[in-house]
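Here is a friendly walk through one structure, from its overall build to its charged pairs and surface patches. Have the viewer open and follow along.

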Amino acid sequence: MEVYYSDILCIGSGVAGLMSSIAAAELNRKICIVSKEPFSWGNTRISGGVIASNQGPSFFDDILKSGEELNSTKLVETLLQESDNIHDTLEDWGHVYQRDGKHKNKIKPGGHTEARTYVSSYKGISLGNILRMRLLKEDNVQVLEETAVCQILVEGNRAYGAMCFNWVKNEWSVIYASQIILASGGGGMLYAPHTDNMRSSTGDSYALALQAGASLVDMEQVQFIPFGIAEPVGMVGIEVGDTAAAGPYGVLTNDNGEVFLDDIPNQTREAVSRKIALQMSGGTADFRNTVWLDPSANTKEVAGRKAWENAKQAGSLEGLKYAYGAKSYKWKEPFKVVPTLHYIMGGVIVDHDGNTTVDGLMAAGEAVGGVHGAGRMGSMSLFEGLVFGRLVGHRAAEKVTGKRDQCVSKLVLQSFIDNYKKSLSNEKGVYSPFKLKDELSSVMWQYAGLIREEKGLRIALDKVIQIERKAQSLNIDWCNSAYRQVILNTIELKSMLVTAKSIIISALKRTESRGSHFRLDYPNESTLGLYNVRVNTSRDEMNAQIVYK
Amino acid sequence: MAFLTLSIKRKTDHLNEQVAYQVDARDGETTLLNALQKIQTEQDPTLAIRYGCRFKDCGLCAVKVNGKEKMACLTKVKNDMLVEPLDNVPVVQDLVVERSYITDTIIEKGLIPDTKSGETTHVSEEYKAVNKCTDCQVCLSASTLYSHENRDAIAGPMFFVKLAQIYYHPQLSTNYEQKIKDLGINHYKNSEVIPCPYGVPINKLAIAPFLTEE
Ligand SMILES: Cc1cc2nc3c(=O)[nH]c(=O)nc-3n(C[C@H](O)[C@H](O)[C@H](O)COP(=O)(O)OP(=O)(O)OC[C@H]3O[C@@H](n4cnc5c(N)ncnc54)[C@H](O)[C@@H]3O)c2cc1C
Ligand code: SF4
Ligand code: FES
């Protein structure tokens, strides 16, 4: 077992983790950045790399409108206030945006009423690379990659370290730090294969936060982007695009070729995904029909052809070519689509400096809830990650105290690890975490996805508890290195189960339809006023409660 | 049910052999990555594979298929495929090869852009081309000149591409000449054409411009 010491521990190396680590390193703090993936891999790297900027008087209103006002206005205000020179800073570090001579190109993704979004030179890869290189320029940085944080160590509401498993080296470790920044991203895998997220997006942020004693907000708000690939099996869920990807003249049709939706780019992701889902289910809670996107009318109009060029530039047509062939790629024939889990709006509750309610535990990026309310506009997540990443990094650096609060003997640490292993699987059994993950994600897709109702959500809760039980007797050999990925997936399964539960109990609590959350049994917005759903854990019991705004 | 057979070169602390698996899929029906996932989920949880995005963007799923480097998610599965880990990079387990040395090499060789501040106005086609690199390690595996053991002296094509990302940067201000020497690029003077699944013209943009007379 290795033991590391640092001023700041940053969990995650996507945009939020990298930005906060850079910001803290610039203030001469010692940083330890841990990443379950290779260093600087995460959803940030596979993203489209389109990033909003704070321009135009309507920005604040656009964010609240998309979020159906569930947003924390305090966080949205902070986001706008703290965004000064964020793009200049990135450009100074070498990030390049697509441009037309002197001017950066600007686009208008779904939800924005103005073109205020810049386009990275080569998608998220270029952003990920620039941030990775910028952090590596700093001396006081320790990178622990391919290492999963399994547990935050807390003593009396003070977080002081983390327990980790390096799955490549097959090695357990403990990191002590004065401040911990949770930046471990979202949880698309909860709905696999109906997601465009990275394999590693298993909801670890939310599970770690709850385990440490922090609270979550509006976990029922999970965003399905309307257009994902529907077949072949291996490609289900890969992103085709958001509402803009239909082009101005694209229409959605049912199996009989009847049009049920047009003028798609002018609607939110939430609205279009919901309409597709209801078409797929014929107004029930079970999916039985196929939905087609027919973009062919675009090819006859100038604005339509321009939209195709934009989509091609963004690189989002290649999946179509590979799945459906050249005609779909050229928008000459309709293709099947299915909404796919893209982003979790809910997340860890933080104040405007990024503090959770646990002393020493902060959070940034997709891990955090409240910024986007019930619906997120395109290009807002990278923007949020950059701005809050920088802010939280600075605040964490300011809060570092010289003295080490807690140090536990190696023997005790080893017993923490042994207990943790037991909590993962306390007897040798037959179940595989890979299979249980699949079981869980199909339960979530079927009962806690696009269309929800009380009956289905209760079934989902029961099934999650059954899977939890099976997960207590896994086929796992802690001493055989061939099980390194089994162990990693067991750690992830555990996070997924906790996060799944938080989504289900929040969805049960919200007896209305709003934004991404649609209840067949409560199809309208509540007339009783706006509220958030808050989740916390006390004495191992997870609770959801309503907090009126 | 239709079955096809995949042979996988396995390596663990206890195993070092080719193992044949029957997969429930038809020729060309799904991706090779999906077939490997199925084996891991349904047959043998200890089969180690690496992937991230399932379609093209993360660069993590490179393997050798019938002797040639491929991205598993961009390859349709076929009967009788032989799947092996990449060459020239140490195997962690089965199809998973090491990666963390990449971070170390970036630091040691200083492959970090140091750019002039201010706005860019012109972005060259060359810059766009070298920017597509996903760090998939295919070029390292495919190059006959690369060896992991000797990487301190001669770093390998992927790292030359990182230098090219600095060299073609619209606001270049780094002194890259010393880095050319540190990377040992001259050793690749007569290199065969190095393949890249992402279309980076490695020889043309990441080797030729840096060759010096000795
Ligand atoms: C296909 C796709 C396209 C997108 N396009 C855009 C776009 O163009 N514009 C936009 O604004 N947004 C886009 N988004 C959303 C955006 O990319 C993400 O929301 C954002 O990148 C999240 O950043 P993050 O830093 O919070 O998390 P991530 O970038 O996902 O990083 C999470 C990090 O945490 C690590 N990690 C996870 N769990 C653990 C653990 N237990 N221990 C240690 N490390 C852990 C991971 O390895 C990773 O490094 C897109 C998303 C997807 C999936
Ligand atoms: S240059 Fe091409 S082959 Fe080499 S690592 Fe980059 S993407 Fe892969
Ligand atoms: S899984 Fe990401 S490139 Fe293949």
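## A word on helices

Helices here are DSSP runs of at least four residues, numbered from the N terminus. By that count, helix H11 of chain A covers residues 326–329, and A:Lys327 sits within it. Please keep in mind that this is a predicted model.

## Overall build of chain A

Chain A holds 16 helices and 22 strands. Its radius of gyration is 22 Å, close to the 24 Å given by the globule rule for 549 residues, so chain A is as compact as a globular protein of that length. Along the principal axes, its C-alpha atoms fill a box of roughly 70 × 55 × 50 Å. Of the 549 residues in chain A, 63% are buried.

## Surface patches

Back to A:Lys327: this residue is exposed, with a relative accessible area of 52%. Together with A:Lys312, A:Lys321, A:Lys330 and A:Lys332, A:Lys327 makes up a patch of positive charge on the surface.

A nonpolar patch is also worth a look. A:Leu528, A:Ile546 and A:Tyr548 form it on the surface, and together they have about 320 Å² of accessible area. A:Ile546 belongs to strand E22 (residues 541–548) of chain A. Its relative accessibility is 33%, so A:Ile546 counts as partly exposed.

## Salt bridges

Side chains of opposite charge can pair when their charged atoms come close. Over all chains, the whole structure has 35 salt bridges.

One of them joins A:Lys336 to A:Glu231, with 3.2 Å between the closest N and O atoms. This pair links distant parts of the chain, 105 residues apart: A:Lys336 is in strand E18 (residues 335–344), while A:Glu231 is in the loop between strand E13 (222–229) and strand E14 (239–241) of chain A. A:Lys336 is partly exposed at 22% relative accessibility, and A:Glu231 is partly exposed at 36%.

## Buried pairs in chain B

B:Arg10 lies in strand E1 (residues 3–11) and B:Asp44 in the loop between helix H1 (32–43) and strand E3 (62–65) of chain B, so the pair ties together parts 34 residues apart in sequence. B:Arg10 and B:Asp44 are both buried.

B:Asp135 and B:Lys162 also meet in a salt bridge, at 2.7 Å from N to O. Here the linked parts are 27 residues apart, with B:Asp135 in the loop between helix H3 (125–130) and helix H4 (138–142) and B:Lys162 in helix H5 (residues 157–167) of chain B. Both B:Asp135 and B:Lys162 are buried.

Conventions:
Residues numbered from 1 in each chain as written. Chains lettered and ligands numbered in written order. Predicted model: local features only at pLDDT ≥ 70, side-chain atom pairs only at ≥ 80, totals over all residues. Heavy atoms only, no water. Patch = residues over 30% accessible without salt bridge, like charges linked within 9 Å, V, L, I, M, F, W, Y side chains within 5 Å. Areas by Shrake-Rupley, 256 points an atom, 1.4 Å probe, with all protein chains shown as cover. Salt bridge = Lys/Arg side-chain N within 4 Å of Asp/Glu carboxyl O. Lys, Arg positive; Asp, Glu negative; His and termini not counted. Charge placed at Lys NZ, Arg CZ, Asp CG, Glu CD. Helix = DSSP H or I, 4+ residues; strand = E, 2+ residues; numbered from the N terminus. Buried < 20%, exposed > 50% of the residue type's maximum accessible area, 1.4 Å probe, protein only. Rg over C-alpha atoms; globule rule 2.2 N^0.38 Å.
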